[in-house]
Amino acid sequence: QQVKCYLMTANIMEPNELQEALEFIESTNLKYFSKEMVSEFLALKGTFQAQIGKLEDANKSFSAAVQLHDGLVKAWALWGDFLDQLFNEDRNQTLGVAALTCYLHACRHQSEPKSRKYLARTIWMLTYDDEKGSLAEALDKYYMGIPPMHWLPWIPQLLTCLVRNEGTHILNLLCSVGKAYPQAVYFPIRTLYLTLKMEQKEKYKSENQSSQPPTLSRTLSQPTPTDTPNDGVEPMQIEPDVKPQVM
């Protein structure tokens, strides 16, 4: 609890105070703690080291935390946030793959509402995937450990990924979710299909109209400059002069 208090006030603490807090953490005797508590303690220690600027030490602390207790959601989530921040700085794909893997591991033992944050971040990171599809491959590799129900709120977003480079890997994920919840996947797919079909039909129709030459009937219907307007009044006929016959 004292370590958590340090973390809550870390943004307003001076550098020397941060160092004192880190020394307090390192001097704590973890002998009487359970594995889960030690793992959480190491994850908090890594978060503190990241705020001070000791990135290598922070990465080692996070790694030790998840190795000690693989099912600790908080350790995976904190490690994912740490790697995600580094990924946002220089878009290093290796860091992105590691962050995405941590988020997916954090969702394995998490309830659906609490996992939305990490799945949303995962789908957002796919927009920065490289040509090799490194992030999509990581998603395809680790999505099996997440309950299919967790993906249901994100079906529309996953469908939009089908037209991008990661479409093949996303298709495997959608098929897996569809086997467990067929109706939940069918209706968004049908809606998307009908929408695309209507858009394609309208596009084809507009292209046809723009490329079609003017027809004969359309040409004849247009008035020519020599035509005089007709107001509905018949022109008056002028009879020629008729001379009377002399008997």
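**A buried serine and its surroundings**

A: Serine 115 counts as buried, because its relative accessibility is 0%, and buried here means under 20% relative accessible area. The model is a predicted one, and that should be kept in mind throughout. Serine 115 belongs to helix H7, which covers residues 112–125. When neighbours within four places in sequence are set aside, the contacts of serine 115 are Cys107, Gln110 and His150.

One of these contacts leads on to a loop residue. Cys107, in contact with serine 115, is also touched by proline 147, which touches Arg108 as well, residues up to four places away in sequence not being counted. Proline 147 sits in the loop that joins helix H8 (134–142) to helix H9 (155–160), and it is partly exposed, with a relative accessible area of 29%. Between proline 147 and arginine 108 there are 39 residues of separation in sequence, yet their C-alpha atoms are 7.0 Å apart in space.

Arginine 108 has a further partner, since its side chain meets that of aspartate 70 in a salt bridge with an N to O distance of 3.0 Å. Aspartate 70 is placed in the loop between helix H4 (55–68) and H5, and arginine 108 in the loop between helix H6 (93–106) and H7, so this pair ties together parts that lie 38 residues apart in sequence. Both residues are partly exposed: aspartate 70 has 41% relative accessibility, and arginine 108 has 23%.

Because aspartate 84 lies in helix H5 and arginine 121 in helix H7, the pair ties together parts that are 37 residues apart in sequence. The two partners fall on opposite sides of the 20% limit for burial: aspartate 84 is buried, with a relative accessible area of 3%, whereas arginine 121 is partly exposed, at 27%.

From helix H5 the picture can be carried on to another helix. Lysine 74 forms a salt bridge with glutamate 40, and here the closest N and O atoms are 3.3 Å apart. Lysine 74 is in helix H5 (residues 73–90) and glutamate 40 in helix H3, so the bridge ties together parts that are 34 residues apart in sequence. Lysine 74 is partly exposed at 32% relative accessibility, and glutamate 40 is likewise partly exposed, at 21%.

The loop between H5 and H6 holds arginine 91. This residue has a positive phi of about 55° although it is not a glycine, and with a relative accessible area of 32% it counts as partly exposed.

Tyr32, Phe33 and Met37 make up a nonpolar surface patch of about 360 Å². Tyrosine 32 is located in the loop between helix H2 (15–26) and helix H3 (35–52), and it is exposed, since its relative accessible area is 68% and exposed means over 50%. A patch of another kind, a positive one, is formed by Arg190, Lys197, Lys201 and Lys205. Of these residues, lysine 197 is placed in helix H11, which runs over residues 182–211.

For the chain as a whole, there are 12 helices and 0 strands, and the pattern read along the sequence is α-α-α-α-α-α-α-α-α-α-α-α. Of its 247 residues, 33% count as buried, and serine 115 is one that does. Among contacts in the chain with a separation of 6 or more, 59% are accounted for by residues 24 or more positions apart. The accessible surface of the chain comes to about 16,800 Å², and carbon and sulfur atoms account for 56% of this area.

Key. Residues are numbered from 1 along each chain as its sequence is written. This is a predicted model: local features need pLDDT of at least 70, side-chain atom pairs count only at pLDDT 80 or more; totals for chains, interfaces and linings use all residues. Side-chain values use heavy atoms; hydrogens and water are left out. Patches are made of residues with over 30% relative accessible area and no salt bridge: like charges are joined within 9 Å, nonpolar side chains (Val, Leu, Ile, Met, Phe, Trp, Tyr) within 5 Å. Accessible areas come from the Shrake-Rupley method with a 1.4 Å probe; for residues, only the protein chains shown count as cover. A salt bridge is a side-chain nitrogen of Lys or Arg within 4 Å of a carboxyl oxygen of Asp or Glu. Lys and Arg count as positive and Asp and Glu as negative; His and the chain ends are not counted. The place of a charge is taken as NZ of Lys, CZ of Arg, CG of Asp or CD of Glu. Helices (H or I, at least four residues) and strands (E, at least two) are DSSP runs, numbered from the N terminus. Buried means under 20% relative accessible area, exposed over 50%, partly exposed in between (1.4 Å probe, protein chains only). Contact means heavy atoms within 4.5 Å.
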